[in-house]
Number of protein chains: 2
Amino acid sequence: MEFKHVVENRRAVNFFDPDKQVPDSMLKQMIEMAALSPSSFNLQPWNILVVKTPDDKARLRKLAFDQPKVTEAPVVLILLADRLGWQGNHPTFEKNFSEMQKAGSITPDKREWLENVTQNLYGASDSQQMAFACKNTGFFSMSLMLAAKSLGLDTHPMDGFDHEAVRAAFNIPDQYWIPVLLAVGYFNTTMTMGPKKWRKTYDEIVVQF
Amino acid sequence: MEFKHVVENRRAVNFFDPDKQVPDSMLKQMIEMAALSPSSFNLQPWNILVVKTPDDKARLRKLAFDQPKVTEAPVVLILLADRLGWQGNHPTFEKNFSEMQKAGSITPDKREWLENVTQNLYGASDSQQMAFACKNTGFFSMSLMLAAKSLGLDTHPMDGFDHEAVRAAFNIPDQYWIPVLLAVGYFNTTMTMGPKKWRKTYDEIVVQF
């Protein structure tokens, strides 16, 4: 599908066809495309909890302002932003450091240097850890939504949920923030999609100080 | 350009051709495509400071670990994530509330309700304000990178800069966090692009607890 068509036709769909499943192979394809997103020092501080069973979706819906799309969509992804993904003892940091050596872009003696850089950029405060995790997982989430559309799927990114209750109900470790829930499926064609929402213009986006 | 081609060929390019300019019309097109990104309650808490003059790029480079791409790229975008974009007195909140009424999706008496919802979801702590701003601006930034590639442009998202020094040097108000600097231009074809970096597999991304 043409990129422009994907971008212009991606909508946050409110009504999903509960009878149209998303095959696992398609979900995998969508996630693998999004995995190509860039990240700070290639640390990829994102994970996904896939919610698919009627029981799990019902539990999640109760914690998400009872939004019907949580149970109507065949799949809901709980996006996880890893606030500690920059730390020297984190598995992704380790993998990254080892892959960088294989690629010849760093030498083993630079480990302390790399640890100090990521500590200073992302670990200096709670706010910086949050910024690191949510910015990068934001990249990944946007890619997921566009990749889904390119495969003919629809999505809806959701903010309306009780963050701590979802964390508790799904045993999500403290190091993760949940930036968004993403409903994935097919638009219910018996419903009518509302008009497109307004967007800021170029002149409203570009500022000068 | 095919979506899959865009995603697979977007790279964080290290070498920009300093002689190949990005026409203003193309930059506008890129930003307008990215403006279609979704956001929490459609609040679009993102802005851009466009850095183009040799003087401004030189000032920015000094604050960004002296990375040559800051001055070699014809354009560097300073992405701004608005931590207060959910507040009831914010211009975007006001515009949004008015556009929602025009679209018939909210009634004027729901103003206090909407203010309370956004306050509770995004304004409850510094961390939540940061998560709101960086997640949404993350969506927007990813769309910018892909939109650029779809137009034949290359980009490089940069984290390596002194956040508070850039804020001071470019008079950026306190309400903004700077999640990323984005160099935009054309790859310098006299240079060689390194091999693609490793990415987490599907099984490394999808977790269970």
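Helix α7 of chain B is followed by B:Gly152, whose phi is positive, near 90 degrees. Helices here are DSSP runs of H or I with at least four residues, numbered from the N terminus. The structure is a predicted model, in which local features need pLDDT of at least 70, side-chain atom pairs count only at pLDDT 80 or more, and totals for chains, interfaces and linings use all residues. Residues are numbered from 1 along each chain as its sequence is written, while chains are lettered from A and ligands numbered from 1 in the order in which they are written.

Helix α7(B) covers residues 126-150, 25 residues in total, and spans 36 Å from its first C-alpha to its last. This is close to the expected 36 Å, which is 1.5 Å times one less than the number of residues. Of the 25 residues, 22 are buried, so α7(B) is largely enclosed by the rest of the structure.

What does B:Arg10 touch, leaving aside its neighbours within four places in sequence? The contacts of B:Arg10 are B:Met145, B:Leu146 and B:Lys149, where contact means C-beta atoms, placed from the backbone, within 7 Å. B:Arg10 sits in the loop between α1 (3-9) and α2 (24-34) of chain B, and is buried, with 21 other C-beta atoms within 10 Å. B:Ala147 lies 137 residues from B:Arg10 in sequence, yet their C-alpha atoms are 9.8 Å apart in space.

How values were computed
Helix = DSSP H or I, 4+ residues; strand = E, 2+ residues; numbered from the N terminus. Buried ≥ 20, exposed ≤ 12 C-beta atoms within 10 Å, placed from the backbone. Contact = placed C-beta atoms within 7 Å.
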